[in-house]
Amino acid sequence: LCGSVRGLAAGPEAHFGFQSVTEAERREKIYQVFESVAKKYDVMNDSMTLGIHRVWKDILVHKMNPSPGTLLLDVAGGTGDIAFRFINYVRSIRERQLQRRLKHHQNLSWQEIFESYQADKSKSLGDSQVVVCDINKEMLKVGKQKAEHLGYSEGLSWVLGDAEELPFDDDKFDVYTIAFGIRNVTRIDLALQEAYRVLKPGGRFLCLEFSHVSNPLLSRLYDLYSFQVIPVLGEVIAGDWKSYQYLVESIRRFPPQEELKAMIEDAGFLKVDYQNLNSGIVAIHSGFKL
Amino acid sequence: GQGLGSGSGSGQGQGQGQGLGSARPQPLEPSLLRFLVCPLSKRPLRYEAATNELINEELGIAYPIIDGIPNMIPEAARTTRKKPPAEDSKQP
């Protein structure tokens with residue numbers, strides 16, 4: 001069962017966790033999963049990963065190391081975790097830039113200092129921008145509410161769109177990220193092609209996703225945790241066993257590191273590499289459009 | 001005319017951006033128009049303030065903007081012509 005349909009789902013056959021379904025059914029089922037979990041998404045992430053998902057996402061943005069002025073497209077970005085981190089990151093870089101600049105201008109007149117504050121105030125992000133694109137209305141709704149609640153507004157926009165058929169023009173973005181989303185895409189090859197298309201030449205593709213643990217002992221513990229604990233947490237916290245059963249199965253179905261690397265290369269990306277986190281429970285894949 | 005504050009996707013008269021504390025009928029984030037294209041044809045779109053939609057004239061389809069979020073899923077788009085447009089999106 002595991003060997004047959006691996007990631008590409010070439011024909012009309014696809015997988016939903018360990019079930020065999022048509023592509024259309026898969027999309028529908030996955031939509032319903034996220035519609036159902038949207039409001040509890042963040043709570044569940046914290047519970048299932050004991051908060052470690054936050055570290056994984058921090059590492060992703062640090063690896064990105066965006067400079068002010070970067071244009072980011074965050075796909076499957078639903079509740080905004082990557083987007084908010086991106087904004088925090090460029091904001092702090094920008095603040096440090098401004099402070100450094102001030103230090104070097106100790107001999108300015110008060111008028112000059114005043115003017116430099118005026119100029120910089122309107123660019124606290126330094127023209128950085130992030131577009132969050134997700135196929136699921138409920139997830140975007142949660143994300144937008146979170147943004148309002150946390151005070152994120154500048155440089156942030158939301159689009160309801162399909163990773164396999166992006167509504168963005170060619171060669172537009174500096175960075176494309178997809179964190180814990182590519183696993184839920186039905187045609188991963190199409191999503192990768194679209195990622196390549198919308199990136200500027202020199203742009204970077206970054207994918208954060210559950211991956212393959214090769215250490216046999218750790219793998220056994222991980223399986224135990226995944227299949228015994230996670231669906232129970234799902235039922236207790238979100239009242240939804242089945243969605244989390246799907247989650248666990250979809251992780252098992254997803255291509256391992258080397259296979260995903262090959263798929264990314266097939267889409268045209270160069271210098272493709274990956275970094276395992278927590279022994280491969282999660283991996284960050286990176287590639288460039290050169 | 002002006003959309004009323006029901007937050008159900010009815011647009012304002014002008015296609016203005018931020019400021020004015022526009023909490024209800026949220027207009028489209030104007031910077032988005034730089035990147036957005038029709039997902040089917042990848043061709044530019046026209047923002048129609050009256051209906052708060054993004055129009056692809058060639059294919060005769062319109063994408064709705066709801067709560068300031070453009071819905072760019074092809075299935076969600078409505079046709080703007082009385083007759084349905086030509087089948088394929090591969091137009092010259």
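A residue is called buried here when its relative accessible area is under 20%. The model shown in every view is predicted.

**Figure 1. Helix α6 of chain A and its surroundings.** In α6(A), the buried residues are A:E138, A:M139, A:L140, A:V142, A:G143, A:K144, A:K146 and A:A147. These buried residues pack against elements of two chains: α1 (23-37), α2 (41-49), α4 (81-103), β4 (129-134) and β5 (156-160) of chain A, together with β4 (69-70) of chain B. Helix α6 covers residues 137-150 of chain A, and its 14 residues should span 20 Å at 1.5 Å a residue; the end C-alpha atoms lie 20 Å apart, which agrees. At the start of α6(A), the backbone nitrogen of A:E138 has a side-chain oxygen of A:N136 within 2.9 Å. Just after the helix, A:G151 adopts a positive phi of about 85°.

**Figure 2. Strand β6 of chain A and its two parallel partners.** Strand β6 (residues 173-179) of chain A is mostly covered, with six of its seven residues buried. Four bridges pair β6(A) in the parallel sense with strand β3 (residues 71-75) of chain A. Within this part of the view, A:Y176 in β6(A) is the bridge partner of A:L73. A parallel pairing over six bridges also joins β6(A) to strand β7 (residues 199-210) of chain A. Here A:I178 stands opposite A:C207 in β7(A). Between β6(A) and β7(A) the chain passes through helix α7 (residues 188-198) of chain A, and this β-α-β crossover is right-handed.

Figure 3. A pair of aromatic rings is described by the distance of the centres and the angle of the planes. Over all chains, the count comes to 11 aromatic pairs. One of them is the tilted pair of A:W56 and A:F180, at 6.1 Å centre to centre and 50° between the planes. This pair links distant parts of the chain, 124 residues apart: A:W56 belongs to helix α3 (residues 52-64) of chain A, and A:F180 to the loop between β6 and α7 of chain A. A:W56 and A:F180 are both buried. The ring centres of A:F173 and B:F35 are 5.1 Å apart and their planes meet at 40°, so this pair is tilted. Because A:F173 lies in strand β6 of chain A and B:F35 in the segment before β1 (46-48) of chain B, the pair joins two chains. Both A:F173 and B:F35 are buried. One aromatic cluster is formed by A:Y176, A:Y196, A:F205 and A:F269.

Figure 4. A:I30 is part of helix α1 of chain A. Its relative accessible area is 7%, so A:I30 is buried. Apart from neighbours within four places in sequence, A:I30 is in contact with A:F16, A:N184 and A:Y246. The C-alpha atoms of A:I30 and A:L247 are separated by 9.7 Å, although the two residues are 217 residues apart along the chain.

Figure 5. Strand β9 (residues 282-288) of chain A has six of its seven residues buried, so it is largely enclosed by the rest of the structure. β7(A) and β9(A) run antiparallel and are joined by seven bridges. The bridge partner of A:L206 in β9(A) is A:S286. Strand β8 (residues 270-277) of chain A also pairs with β9(A), in the antiparallel sense and over six bridges. In that pairing, A:D273 stands opposite A:S286. A hairpin with four residues between its strands is formed by β8(A) and β9(A), and A:N278 in the turn has a positive phi of about 50°.

**Figure 6. Helix α9 of chain A.** Helix α9 (residues 241-253) of chain A has 13 residues and extends 19 Å from its first C-alpha to its last, close to the 18 Å expected at 1.5 Å a residue. The helix is mostly covered: 10 of its 13 residues are buried. Among them are A:Y244, A:Y246, A:L247, A:E249 and A:R253. The buried residues of α9(A) pack against β1 (13-16), α1, α2, β7 and α8 (216-238) of chain A. At the start of α9(A), a side-chain oxygen of A:D240 comes to within 3.5 Å of the backbone nitrogen of A:K242.

Conventions. Residues are numbered from 1 along each chain as its sequence is written. Chains are lettered from A and ligands numbered from 1 in the order in which they are written. This is a predicted model: local features need pLDDT of at least 70, side-chain atom pairs count only at pLDDT 80 or more; totals for chains, interfaces and linings use all residues. Side-chain values use heavy atoms; hydrogens and water are left out. The expected span of a helix is 1.5 Å times one less than its number of residues. Buried means under 20% relative accessible area, exposed over 50%, partly exposed in between (1.4 Å probe, protein chains only). Contact means heavy atoms within 4.5 Å. A polar contact is a pair of N or O atoms within 3.5 Å; within protein, one must be able to donate a hydrogen and the other to accept it, and residues adjacent in sequence count only if both atoms are side-chain atoms. Two strands pair if DSSP finds at least two bridges between them. A crossover is right-handed if, with the strands pointing away from the viewer, the path from the first strand over the helix to the second runs clockwise. Rings of Phe, Tyr and Trp (its six-membered ring) pair if their centres lie within 6.5 Å; planes under 30 degrees apart count as stacked, over 60 as edge-to-face and the rest as tilted.
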